[in-house]
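Hi,

Here is the structure I said I would pass on. Have a look at it first, then read my notes below.

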Amino acid sequence: MTKIIGLTGGIGSGKTTLANYIASKGIPVYIADNEAKKLFESSKVIDELIATFGETINDENGINKEKLSKLVFDFPEKLKQLNEIIHPKVAEHFKKWLNSNQNHPIVVKEAAILFESGAFKDCDIIITIIAPEKTRIQRVIDRDKTSEELVKRRIQNQWSDEQKIALSTYVVLNENLIEAKKQIDAIIVEILAS
C-alpha cells in the first residue's frame, strides 16, 4: 500500500524547494498550495468567497488575493472561514490524485498548514522542515518583496515549529540546502526500507 508522507514547515522554511527536490527523484509530490490557488479560478469558489467576505475582494481579474490576504491574516476567525471554504476542496482533489498514484510505494503531500487543516491525520509519516526564524523572514522578504512585519504576522498565524515537531516523524533543518537535501535522501531511504 502507498505510504503518504506529509511534508510541512513554516513560511520560508524551504519546504516547497525540498518538495521539488523529492519530485526530481521521481516520487509523486502533491503541492497543496498550488491546488488551493487553482480553486480561486472556480466560479463556485469565487461566489462562496464573495458571499463570505464581500464584493471588495473581487475585481476585473477575479479574486484579488492581496485584498483577501489583508482581510484574513489579522483576523483568526476570518482565516478559519477561508480555510473552511478551501481545504475540504483541496482534500477532495488530493484523494483523486492519490488514487491515480497508487502504483508508487510513497507519495508526498506538501502543505504549509498540514497540521492546522487536520490533513496530517491522513499521513503515515510526517517530515517537518525548520529553519531559524531570521532566515525564514529574509527568504520570504526576498521571494515576495514584502515587509518584515507582514512576514512576522503570517508566521504568527501558523503553528510554531515546536508544535509541529511534537507531531512529526522526522525533522529537517534547512539552513544549508545541500545538507537539507542529504537529510531528505537519508529519510527517503529509511522509509523505503521499512
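**Strands and salt bridges**

Strands E1 (residues 3-9) and E6 (residues 125-130) run parallel to each other, paired over 5 bridges. Bear in mind that this is a predicted model.

Within that pairing, Thr-8 sits opposite Thr-128 of E6. E1 also pairs with E5 (residues 106-110), again in the parallel sense and over 5 bridges, and there Gly-6 has Lys-109 as its bridge partner. E1 is mostly covered, with 6 of its 7 residues buried.

On to E7 (residues 170-173), which pairs with E6 in the parallel sense over 4 bridges. Thr-128 turns up again here, with Val-171 as its bridge partner in E7. Val-171 and Leu-173 make up the uncovered face of E7, while Tyr-170 and Val-172 are on the covered one.

Now the charged side chains. I get 11 salt bridges in the structure, including these:

- Lys-38 with Glu-35, at 3.2 Å from N to O. They are 3 residues apart in helix H2 (residues 32-39), so about one helical turn separates them. Glu-35 counts as buried because its relative accessibility is 17%, under the 20% cut-off.
- Glu-48 with Lys-89, at 3.1 Å from N to O. Glu-48 belongs to helix H3 (residues 43-53) and Lys-89 to helix H5 (residues 76-99), so this pair ties together parts 41 residues apart in sequence.
- Arg-154 with Asp-144, where the closest N and O atoms are 3.5 Å apart. Arg-154 is in helix H7 (residues 148-156) and Asp-144 in helix H6 (residues 133-144).

Cheers

Terms used: Residues are numbered from 1 along each chain as its sequence is written. This is a predicted model: local features need pLDDT of at least 70, side-chain atom pairs count only at pLDDT 80 or more; totals for chains, interfaces and linings use all residues. Side-chain values use heavy atoms; hydrogens and water are left out. Buried means under 20% relative accessible area, exposed over 50%, partly exposed in between (1.4 Å probe, protein chains only). Helices (H or I, at least four residues) and strands (E, at least two) are DSSP runs, numbered from the N terminus. Two strands pair if DSSP finds at least two bridges between them. A salt bridge is a side-chain nitrogen of Lys or Arg within 4 Å of a carboxyl oxygen of Asp or Glu.
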